[in-house]
Amino acid sequence: MDYNLKKRAIRQRALLTLLEKTGYASVEELTAALSVTPQTIRRDIADLSDGGKVRRYHGGASLASPIDPGTYRKRRVDKVDVKRRIARRAAELVPNGATLFLDAGSTCEAVAEALAERKGLKVVTYSLRAAMILMDRTDFTIAVPGGFVRHVDGSVIGDAIVEFVRRFRFDVAIIAVSGIEEDGSIGDDDQNEVDIVRSAIGQARSVMLVADSSKFHRAALVSLGSITEVSDFVTDLSPDGSLERLIGASGVRLHIA
């Protein structure tokens with residue numbers, strides 16, 4: 001192998017290893033970590049993006065699919081009854097005629113099923129699975145962004161989705177997370193999803209977090225914010241310790257399904 005090609009291959013493996021640990025890294029962070037120029041990092045990101053290994057952003061990159069298909073299939077069948085209870089309680093909190101943002105993921109798919117009992121909803125989602133669940137309701141308005149379909153979970157990905165979400169105002173943003181830490185930090189394992197959800201939170205009058213107790217005391221790869229930014233938290237068990245105290249002190253309305 002040509003020396004330069006070998007050097008590039010080693011560097012790109014190192015870049016992927018770093019992204020596996022962090023989920024997302026900026027061009028500046030990658031430049032410092034790998035001791036190369038920003039131009040070199042951008043070329044590496046472009047190569048890896050063309051190969052389907054990373055997803056490019058204006059200022060950095062993330063792994064193309066942090067969730068492997070096997071993991072996601074397990075999530076879809078894991079705690080099904082719990083997720084349905086959470087979903088039913090979440091739907092009860094949504095008034096008829098409301099405008100919603102609905103996040104992607106197995107819990108939010110359960111919420112979509114429960115929302116079918118409401119009337120006249122306007123729903124913006126980047127989850128094709130959720131949209132398909134709701135599409136037969138002729139009194140609903142369903143908006144989905146354009147982009148590429150991620151086969152692992154049926155979500156739409158692409159650089160334009162954040163701007164698409166920012167066109168709307170929401171009565172409620174219904175979000176899910178991969179982890180809720182003891183100090184109240186919430187996060188996800190995908191930078192792309194975090195960017196989309198952050199934009200929805202910024203456009204919402206209230207935020208509803210739906211997450212089962214297996215997410216308690218778990219760190220996610222990418223920070224989304226704090227549970228104190230949430231208006232309502234729907235879960236299956238009451239948190240304990242400092243997380244319980246933080247939720248009580250911050251005025252988050254806790255709903256146990």
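Which residue stands opposite Gly60 in β3? Gly60 is faced by Tyr57. The views below show a predicted model, in which local features need pLDDT of at least 70, side-chain atom pairs count only at pLDDT 80 or more, and totals for chains, interfaces and linings use all residues. Residues are numbered from 1 along each chain as its sequence is written, and side-chain values use heavy atoms, with hydrogens and water left out.

**View A. The open sheet of three strands.** The strands follow the order β1-β3-β2 with antiparallel pairing; strands (E, at least two residues) and helices (H or I, at least four) are DSSP runs numbered from the N terminus. Pairing requires at least two DSSP bridges between two strands. At the edges lie β1 (24-26) and β2 (54-57), each of which pairs on one side only. Neighbouring strands are turned by 20° against each other on average, direction ignored. Four bridges join β2 to the antiparallel strand β3 (residues 60-63).

**View B. Helices lying across the sheet.** Helix α2 lies across β1 and β3 and runs at about 85° to β1. Helix α9 lies across β1, β2 and β3, at about 40° to β2. Angles run from 0 to 180 degrees between N-to-C directions, and axes are lines fitted to C-alpha atoms, for helices over the stretch in contact. Contact means heavy atoms within 4.5 Å.

**View C. Packing of α2 against α3.** Helix α2 (residues 27-34) and helix α3 (residues 38-50) pack at an angle of about 105°, with their axes 9 Å apart. The two helices are therefore roughly perpendicular to each other, a class that covers 65 to 115 degrees. From α2, the contact involves Val27, Leu30, Thr31 and Leu34, and from α3, Pro38, Ile41, Arg42 and Ile45. By class, this contact has six nonpolar, one polar and one charged residues. Ala, Val, Leu, Ile, Met, Phe, Trp, Tyr, Cys and Pro count as nonpolar, Asp, Glu, Lys and Arg as charged, and the others, Gly among them, as polar.

View D. The structure holds one cavity of 30 Å³ or more; a cavity is a set of points on a 1 Å grid over the protein atoms alone where a 1.4 Å probe fits but cannot get out. The largest cavity has a volume of about 30 Å³, that is, the space filled by probe spheres set on the points, which are joined across faces, edges and corners. Its lining residues (an atom within 4 Å of a point) are Asp103, Tyr126, Ala176, Asp188, Glu193, Val194, Val197 and Leu224. Helix α9 (residues 191-202) supplies the largest share of this lining, three residues. The lining divides into five nonpolar, no polar and three charged residues.

Methods. 1 Å grid on protein atoms, 1.4 Å probe; cavity = no way out; pocket = protein on both sides within 12 Å on 5 of 7 lines; lining within 4 Å. Parallel < 35°, antiparallel > 145°, perpendicular 65-115°, else oblique.
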